[in-house]
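Have the viewer open while you read.

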Amino acid sequence: LTQSQQRRVLRKLRRSIPGVKKDDYKQVSILDVYDKLVGGQTKRSGRAVMALCPFHGENNPSFAMY
């Protein structure tokens, strides 16, 4: 993600998870962030977790999270 996209994600997180301080975000799982912002199903594929891309509509998972 670009820096502006990262800042946007953090702003959404701050609004969506009440009572969480800025330093606590280092302990949040990327899967929790994806589920909170995008939702949808995830699927393990080796080390990666595959999901639908949050940036455009699609039918097959192509977004990989490690």
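## Ground rules

Buried means under 20% relative accessible area, exposed means over 50%, and partly exposed is in between (1.4 Å probe, protein chains only). This is a predicted model, so local features need pLDDT of at least 70 and side-chain atom pairs count only at pLDDT 80 or more, while totals for chains, interfaces and linings use all residues. Residues are numbered from 1 along each chain as its sequence is written, and side-chain values use heavy atoms, with hydrogens and water left out.

## The chain overall

The chain holds 2 helices and 3 strands, and read from the N terminus they come in the order α-α-β-β-β. Both kinds of element are DSSP runs numbered from the N terminus: H or I with at least four residues for helices, E with at least two for strands.

Of the 66 residues, 15% count as buried. The chain exposes about 5400 Å², with carbon and sulfur atoms supplying 49% of that area; accessible areas come from the Shrake-Rupley method with a 1.4 Å probe, and for residues only the protein chains shown count as cover. Take the contacts (heavy atoms within 4.5 Å) between residues at least 6 apart in sequence: 17% of them join residues at least 24 apart.

Arg7, Arg8, Arg11, Lys12 and Arg15 form a positive surface patch. Patch members have over 30% relative accessible area and no salt bridge; like charges are joined within 9 Å, and nonpolar side chains (Val, Leu, Ile, Met, Phe, Trp, Tyr) within 5 Å. A salt bridge here is a side-chain nitrogen of Lys or Arg within 4 Å of a carboxyl oxygen of Asp or Glu. Lys and Arg count as positive and Asp and Glu as negative, with His and the chain ends not counted; each charge is placed at NZ of Lys, CZ of Arg, CG of Asp or CD of Glu.

Arginine 11 sits in helix α1, which covers residues 3-16, and counts as partly exposed because its relative accessibility is 42%. Lysine 12 is in helix α1 too, and at 41% it gets the label partly exposed. Its C-alpha lies 7.7 Å from that of leucine 37, 25 residues away in sequence.

Valine 38 belongs to the loop between α2 (30-37) and β1 (42-45). Its 40% relative accessibility makes valine 38 partly exposed, and 9.8 Å separates its C-alpha from that of alanine 51, 13 residues apart along the chain.

Is alanine 48 buried or exposed? It's buried, because its relative accessibility is 5%. Alanine 48 lies in strand β2 (residues 48-51). Setting aside neighbours within four places in sequence, alanine 48 contacts Lys43, Ala64, Met65 and Tyr66. For alanine 64, 16 residues apart from alanine 48 along the chain, the C-alpha separation is 5.9 Å.
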